[in-house]
Amino acid sequence: MKDVRIEILEKIKEYDSIVIGRHFRPDGDAVGSTMGLGRIISLTFPEKKVYLSNNDKSDYMAFLGDISQSVDEEIIKESLVIVIDTATRDRVSDERILEGKEVIKIDHHIPVDPYGHISWVEDWRSSASEMIASFYEANASCLKIDATAATMIYAGMVTDSGRIRFSSTSSETLRLAGVMVGKGVDVERLQANLDLNDYNFYKYQADVFSKINMTENGVAWLYVDSAMQEKWNLTREDAGESVGFMSGIKGSICWLAFIENSDGTIRVRLRSRFMTVNGIAEKYHGGGHDRASGATCYSKEEMEALIKDADKATKEFKESGEYWI
C-alpha cells in the first residue's frame with residue numbers, strides 16, 4: 001500500500017491551485033500546521049497558487065503573521081483543498097472550501113466524521129503539526145523548507161502538546177520537533193512570543209484563582225462570564241486559557257473552564273490527567289482528544305449537568321483502582 005504522505009504530495013503536484021483550511025476558533029496547532037504546510041508548498045512549487053481560506057483568526061498566534069484570505073468560490077471549485085486539524089465538517093472555518101474539486105483531510109483527532117477523497121488520520125499523534133513535520137520528512141528529497149516554515153510547524157507542535165508535556169508526546173514527537181529545530185527555529189524567541197503576557201493578564205489570573213470551584217470528587221471548574229472578560233479586556237483565547245490555571249491542583253484529575261459567549265452559549269474546555277473526558281464532551285455537542293476536549297453548553301442547566309457528569313466520571317475512575325495523584 002502506498003504511503004499516504006507520498007500520495008498527498010502526488011495530488012499536490014497535480015493542481016495549480018491549493019486551498020488550505022482549518023477549524024474555527026483556531027489554536028496554535030491549527031494555525032501552525034496550515035501556515036507551515038502552505039509555506040512548504042509555496043517554497044517547493046512557486047508557480048502554484050496557495051490560499052489559506054478561513055473566516056477567523058488567532059490573536060495568540062498573530063506573531064507568525066496573518067495570511068488568511070477570502071478565496072473566490074470559482075477558484076475553490078477548481079482547487080485541491082487540504083483541511084487540517086479538523087475532525088468534523090461542521091467545524092471547518094470556511095465551509096465553502098469543502099466544495100473543492102478534491103478534498104484531503106489531515107487530522108489527529110478521533111475519527112468520527114470521515115470526509116475527503118484522501119483521509120490521513122493518526123489519532124495517536126500529539127498534533128496535526130507533527131503530521132505536517134512527518135509529511136515533510138517523508139518527502140524531504142523533493143520538498144523545500146526554511147526556518148519560517150519550521151517555526152510555524154514547531155509552534156503548532158509545542159502548543160498542542162502542552163510544551164511537550166501531554167501524554168500524547170511520544171519519542172516520534174520529540175524526534176520530529178528536533179528535525180524542525182534543526183531547520184533554524186529560534187526556540188528562545190518563539191517561546192517568548194508564546195509565553196509572555198501583559199501585566200493585566202496576571203491580575204486576571206489572580207482573579208481566576210479566587211473563583212475556582214471544586215466538586216466533591218475533585219473536578220475543578222471555573223465560569224468566565226462576559227463581565228469578567230470585559231473587566232480584564234480578555235480575548236476569547238485569553239479566557240479559554242484559564243483552564244490551564246487549574247492543572248496543578250493535587251487530587252484534581254479533571255478540570256473545566258466555561259466561557260460565556262456573546263450569543264449566550266457557553267464554550268467549554270475540558271482537560272484531564274490519567275482519565276478520559278472526550279466522551280463527556282461528545283455528549284455536550286463537542287469532542288476531541290481523550291484528555292483534552294471542547295464542548296458547548298446552551299444553558300446554565302446544561303453546564304451544571306456537565307459538571308455532574310464529570311464529577312461522576314471522576315469518582316468512578318478514582319474508585320476503579322487506576323493510578324492517579
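Isoleucine 18 sits opposite valine 50 in β2, and four bridges tie strand β1 (residues 17-21) to β2, the two running parallel. Strands count as paired if DSSP finds at least two bridges between them; helices (H or I, at least four residues) and strands (E, at least two) are DSSP runs, numbered from the N terminus. This is a predicted model, where local features need pLDDT of at least 70, side-chain atom pairs count only at pLDDT 80 or more, and totals for chains, interfaces and linings use all residues. Residues are numbered from 1 along each chain as its sequence is written, and side-chain values use heavy atoms, leaving out hydrogens and water.

**The five-strand sheet**
- β1 and β2 belong to an open sheet with the order β2-β1-β3-β4-β5 and parallel pairing.
- β2 (49-52) and β5 (118-121) are at the edges with a single partner strand each, so one side of each has no neighbour in the sheet.

**The six-strand sheet**
- Here the open sheet runs β6-β7-β8-β9-β11-β10, with mixed pairing.
- Its edge strands, β6 (213-214) and β10 (287-288), each pair on one side only.
- β8 and β9 run antiparallel, joined by seven bridges.
- Leucine 256 faces leucine 270 in β9.

**Helix α12**
- Buried residues (under 20% relative accessible area, 1.4 Å probe, protein chains only) in α12 include Met303, Leu306 and Phe317.
- Just after α12, glycine 321 takes a positive phi of about 90°.

How values were computed. Buried means under 20% relative accessible area, exposed over 50%, partly exposed in between (1.4 Å probe, protein chains only).
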